[in-house]
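Please look over the notes below alongside the model. They cover the sheet, the helices packed on it, and the chain contact.

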Amino acid sequence: MSFRAAVVTFPGSNCDRDMAVAVESISGQQPIRVWHGDSALPDRLDFIALPGGFSYGDYLRSGAMAANSPIMREVAAAAGRGVPVLGVCNGFQVLTEAGLLPGALMRNASQHFICRTVDLTVANTDSLFTRGFEAGQRLRIPVAHHDGNYFADEATLDRLEGDGRVALRYVENCNGSRRDIAGVLNASGNVLGMMPHPERAVDAAHGGTDGRALFENVLKALAHA
Amino acid sequence: MNIRIHVSLKPGVLDPQGRAVHHALDGLGFAGVEDVRIGRLIELTVADATSDADLEAMCEKLLANTVIENYRIEKVGQ
């Protein structure tokens, strides 16, 4: 099966290679690497990943500068056409700053950078990213962030929960996120932002492979489309 | 024209940085500090013809994240 994926690199991204390796290990096909200044994405994409890192040195706010880079106009257009978009860590921050996902990622409540493997529960089993999971299923996936404290106003949080758009929650809230939210979906369910790094849990050598399923779910969804 | 954009966290949004600074002020022995909130000051030099609408748009689109922040536009010396 053909799987045309793109991994976007911003100045300061540092998980772009890990993301590309993870996608390739699962799909068997090398993703196309895209640069932030590119004004076009490759055509007929099946998947776009925005990786973790510190795009533009986190100037102004995490993800704020990247959200306004030329390639993000194209990512927004592709997301609007239904192309699956996954933003991990800084990629999640970029998606919220770009307005593709609601809310904002603030400084961790503890003020500390957190780098460890955390337990998550799957809260949504009805998106192309999560359809292979069982409700409440536990995943162990690493986090590594300073600004992962998910914030949205109460009305937005109620709406997200009511619409089943909370994809993942922390079992133990590590960063102060409202309602333990670790990952959220857009209204159409084809854009997922999450602070934990599934690409760091795809090989036994990583210490766990719970991240694989997330990518496999996307592949399966495309196979059935 | 010189512009100052004052960006501050909305009321009710947790400010862990402010809390840590508050704690540090307590540690220095400054009694009576009731709250500390940390914001950002952005100084712009713009053409005199720059419209208020453009300044607002700059804040809305980039300088502030209105999910969590308020902003105030100050025209310096006016």
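**Notes on the sheet and the contact**

1. In chain A, strand β10 (residues 181-185) and strand β11 (residues 191-194) run antiparallel and are joined by 3 bridges. A:Leu185 has A:Leu192 of β11(A) as its bridge partner. Strands (E, at least two residues) and helices (H or I, at least four residues) are DSSP runs numbered from the N terminus, and two strands pair if DSSP finds at least two bridges between them.

2. This is a predicted model: local features need pLDDT of at least 70, side-chain atom pairs count only at pLDDT 80 or more, and totals for chains, interfaces and linings use all residues. Residues are numbered from 1 along each chain as its sequence is written, with chains lettered from A and ligands numbered from 1 in the order in which they are written.

3. The open sheet of chain A has 9 strands with mixed pairing, in the order β2-β1-β3-β4-β11-β10-β9-β6-β7. β2 (32-35) and β7 (138-145) of chain A each have a single partner strand, so one side of each has no neighbour in the sheet. On average, neighbouring strands are turned by 25° against each other, direction ignored.

4. Helix α1 (residues 16-27) of chain A lies across β1 (5-9), β2 and β3 (47-50) of chain A, at about 170° to β1(A). Helix α3 (residues 70-80) of chain A touches β1, β2, β3, β4 (85-88) and β11 of chain A, and its direction makes about 130° with that of β4(A). Axes are lines fitted to C-alpha atoms, for helices over the stretch in contact, and angles run from 0 to 180 degrees between N-to-C directions. Contact means C-beta atoms, placed from the backbone, within 7 Å.

5. The contact between the chains takes 13 residues from chain A and 9 residues from chain B. Helix α1 (residues 16-27) of chain B gives the most to the chain B side, with 3 residues.

How values were computed
Two residues are in contact if their C-beta atoms, placed from the backbone, lie within 7 Å.
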